[in-house]
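Hi,

Here is the structure I promised to pass on. Have a look at it first, and then read my notes below.

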Amino acid sequence: MTTTTKPATPVAATSGRRPGVAALALRQGRLEITQFLRSRESVVFTMGFPIIMILIFASIFSGEIGGGVKYTQYFITGMIATGLMTVSFQNLGIWIPIERDRGVLKRYRGTPMPKWVWFAGKVIMVVAIGIAETALLLAVAVGLFDLDLPGTAGKWFTFGWVSVLGVTACTLCGIAISSLARTARSGSAVVTPVALVLQFVSGVFFIFTDLPTWMQQLAALFPLKWMCQGLRSVFLPSSFGAQEPGGSFELGRVALMLALWCVIGLVLCLTTFRWTTKRDG
């Protein structure tokens, strides 16, 4: 996936005065959002993919999976989770190598702007696009397929912390995996297969308990499965938890695994992230 968008000038270099810490991060975040929106390919793929998939699945599977639960009600959890993973893990894993290969990161590193501001801008972009994408997906599912939204404050709270932990873990892992791509063109080849495999084994496109046991165990090693499981507790009846592999939604374990992946992702970022390509030294 390529674009002809011209790299923008670092925010620290666009003004003679020194902005505050929060203002600097917000300006960088606005810059990242603007650059994302200027790339039609990224907008269509990142925000359109979950919506297209829920339209396909809801149109094909119009019945129930059992217990009065509609297919749409089940698959919306996977679509939300994969949408958040796409805007964080997949988007960053593909775009950071492009910026590195073009020398954008090298120029950022050479400015007086604190390095953390660049990362803050990426996080703000991920959060903003992730919220917009999720809201649009829910609006489509409610309007076209009578999706039942969470009916209690407790479920909305669970929706919030599962999404925050999941996006954090996927964002950190996306930044980390970006170092595996040697060139701008190889970013998509490195990240996309990983994302697709995780979606297939984590219950995004299929009912998770219908998958082979070894596939369920493989999925349990990665955060997407736990995001889907946590979101199922939000959109499905409480009684449906008995059909999960562990006999319940295991929200405590969901929180633990997602938090663990946040730590793993942070460690990988700190030890592997590169501002320049190998040819730049």
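To start, in which loop does Leu236 lie? Leu236 is found in the loop between helix H9 (223-235) and helix H10 (251-272); helices here are DSSP runs of H or I with at least four residues, strands are runs of E with at least two, and both are numbered from the N terminus.

Some housekeeping before the rest. This is a predicted model, with residues numbered from 1 along each chain as its sequence is written. Local features need pLDDT of at least 70 and side-chain atom pairs count only at pLDDT 80 or more, while totals for chains, interfaces and linings use all residues, and side-chain values use heavy atoms, leaving out hydrogens and water.

On confidence, pLDDT is the predictor's confidence in each residue, from 0 to 100. The chain has a mean pLDDT of 87, with 92% of its residues at 70 or more. Over residues 1-6, though, the pLDDT is below 50, and this stretch has 13 contacts in the model beyond near neighbours in sequence (contact means heavy atoms within 4.5 Å).

Leaving aside neighbours within four places in sequence, Leu236 touches Val69, Gln73, Tyr74, Lys155 and Phe249.

Now the rings. A search of the whole structure turns up 17 aromatic pairs. Tyr71 and Phe75 are stacked, because their ring centres are 6.0 Å apart and their planes are at 10°. (Rings of Phe, Tyr and Trp, using the six-membered ring of Trp, pair if their centres lie within 6.5 Å; planes under 30 degrees apart are stacked, over 60 edge-to-face, and the rest tilted.) Both residues belong to helix H3 (residues 71-101), four residues apart, or about one turn of the helix. Trp118 and Phe119 make an edge-to-face pair, 4.8 Å centre to centre with 85° between the planes. Trp118 is buried at 0% relative accessible area, whereas Phe119 is partly exposed at 26%.

Finally, two charges sit over rings: Arg100 over the face of Phe273, 5.5 Å from the ring centre, and Lys225 over Trp226, 3.5 Å from its centre. The rule is NZ of Lys or CZ of Arg within 6 Å of the ring centre and within 35 degrees of the ring normal.

Cheers

How values were computed: Buried means under 20% relative accessible area, exposed over 50%, partly exposed in between (1.4 Å probe, protein chains only).
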